[in-house]
Amino acid sequence: MDVDDYRTHSPYSDPRHHAALLDAVPADLPTVAATARNVIVHYRAGGVELPDVRRAEVNLRWLDRILDADQSRFPLPLTAERPAVERVAGCCRDHTLLTVAALRQHGIPARSRIGFVSYFSPDWHHDHVLAEWWDGERWVWSDPELDPAVDRPFDGYDIDPEAGHFDSAARVWLAYRAGRIDPGTYGVDPSLPIRGDWLVHDYVLLELAHRHKDEVLLWDGFGAMTEDLTGADLTLVDEVAALLVAADRGDAAAGRELARRYASDARLRPGPTVHCVDPVSGVAADVDLRR
């Protein structure tokens with residue numbers, strides 16, 4: 001995909017009948033990120049107690065439905081302050097989706113990136129989703145969930161790709177395969193068993209999907225994903241990860257090969273349905289993505 005392909009909405013980022021709300025948000029990254037934090041509160045780590053019926057909003061999936069929930073409580077511009085406890089329950093994927101959508105609405109190329117961060121807990125790498133946007137010369141990694149008022153030893157809106165603050169799932173997978181990391185320190189949370197080599201494996205496929213504007217939920221399963229690498233085609237993900245890293249470095253041929261494989265190999269992309277495991281209720285179900 002070319003840079004210009006990321007100027008337009010995906011089915012997930014399309015605000016539909018809420019387009020005017022995004023039109024009204026100034027298109028600079030700090031304002032867009034602040035707007036995402038104003039509309040969405042993390043369903044587990046937002047610092048507020050939410051009932052399960054509200055936490056389930058993390059499964060709303062499509063931006064227009066997220067904004068439906070917001071506007072049902074606050075029929076106001078997205079920049080008008082909402083109390084944290086009344087914001088739409090979401091996660092890093094949703095903060096990023098709103099950020100990416102607002103930038104795309106203004107014609108700025110933007111996409112979501114799947115990987116792991118080291119800045120939330122010492123000696124642990126949380127799964128995370130960043131926004132990546134084109135500033136006219138380069139792709140910039142930005143974490144819209146980070147409040148710039150909090151002092152950090154790095155710029156959360158321009159994260160150095162080589163500093164180790166955030167690593168894409170592809171880079172983490174290749175490091176694991178080379179024996180350079182312990183995959184047991186990569187996961188959802190140190191208190192949860194959702195971690196390890198299988199998770200990094202699956203996140204490479206999520207990274208590929210998001211790169212091609214299929215911004216599915218982090219708990220959606222499809223294709224070659226697995227919770228046990230026994231019998232998995234590791235070479236497939238090795239090759240995809242290597243192509244993702246090469247494409248990040250500006251290798252246009254790698255980007256074209258990724259697009260070819262994504263279109264031709266059903267193991268690499270979501271189909272009309274995904275197998276979703278609700279992180280709030282734990283209930284697993286097949287979800288129809290056709291709208």
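Helices (H or I, at least four residues) and strands (E, at least two) are DSSP runs, numbered from the N terminus. The model shown here is predicted, so local features need pLDDT of at least 70 and side-chain atom pairs count only at pLDDT 80 or more, while totals for chains, interfaces and linings use all residues. Residues are numbered from 1 along each chain as its sequence is written, and side-chain values use heavy atoms, with hydrogens and water left out.

View 1. Let us begin with the open spaces. A pocket is found on a 1 Å grid over the protein atoms alone, as an open set of points where a 1.4 Å probe fits, with protein on both sides within 12 Å along at least five of seven lines; lining residues have an atom within 4 Å of a point. The largest pocket holds about 1,100 Å³ of space, a volume being the space filled by probe spheres set on grid points that are joined across faces, edges and corners. Its lining counts 42 residues, and Tyr43, Arg44, Asp127, Val188 and Trp219 lie nearest the centre. At least two lining residues come from each of β1 (40–42), α5 (92–105), β4, α7 (197–211), β8 (220–221) and β9 (273–277). Helix α7 gives the most, with 5 residues. By class, the lining has 21 nonpolar, 9 polar and 12 charged residues; here Ala, Val, Leu, Ile, Met, Phe, Trp, Tyr, Cys and Pro count as nonpolar, Asp, Glu, Lys and Arg as charged, and the others, Gly among them, as polar.

**View 2. The second largest pocket.** This pocket has a volume of about 520 Å³. Look for Arg111, Ala247, Asp248, Arg249 and Gly250, the closest to its centre among 23 lining residues. Strands β3 and β5 (139–142) and helices α8 (234–248) and α9 (252–264) each supply at least two residues of this lining. The lining divides into 9 nonpolar, 3 polar and 11 charged residues.

View 3. Strand β3 (residues 110–117) is largely enclosed by the rest of the structure, because 8 of its 8 residues are buried, where buried means under 20% relative accessible area, exposed over 50%, and partly exposed in between (1.4 Å probe, protein chains only). Two strands pair if DSSP finds at least two bridges between them. Strand β4 (residues 125–134) runs antiparallel to β3 and is joined to it by 8 bridges, with Arg113 opposite Leu130. Strand β6 (residues 166–168) is also antiparallel to β3, through 3 bridges, and there Val117 has Phe166 as its bridge partner.

**View 4. Aromatic rings that meet.** Rings of Phe, Tyr and Trp (its six-membered ring) pair if their centres lie within 6.5 Å; planes under 30 degrees apart count as stacked, over 60 as edge-to-face and the rest as tilted. The structure holds 10 such pairs. Tyr6 and Trp139 are edge-to-face, because their ring centres are 5.6 Å apart and their planes stand at 90°. Tyr6 lies in the segment before α1 (19–23) and Trp139 in strand β5, so the pair ties together parts that are 133 residues apart in sequence. Both of these residues, Tyr6 and Trp139, are buried. Tyr119 and Phe154 make a tilted pair, 5.0 Å centre to centre with 40° between the planes.

View 5. Cys91 is buried at 3% relative accessibility, and Cys92 is buried at 5%.
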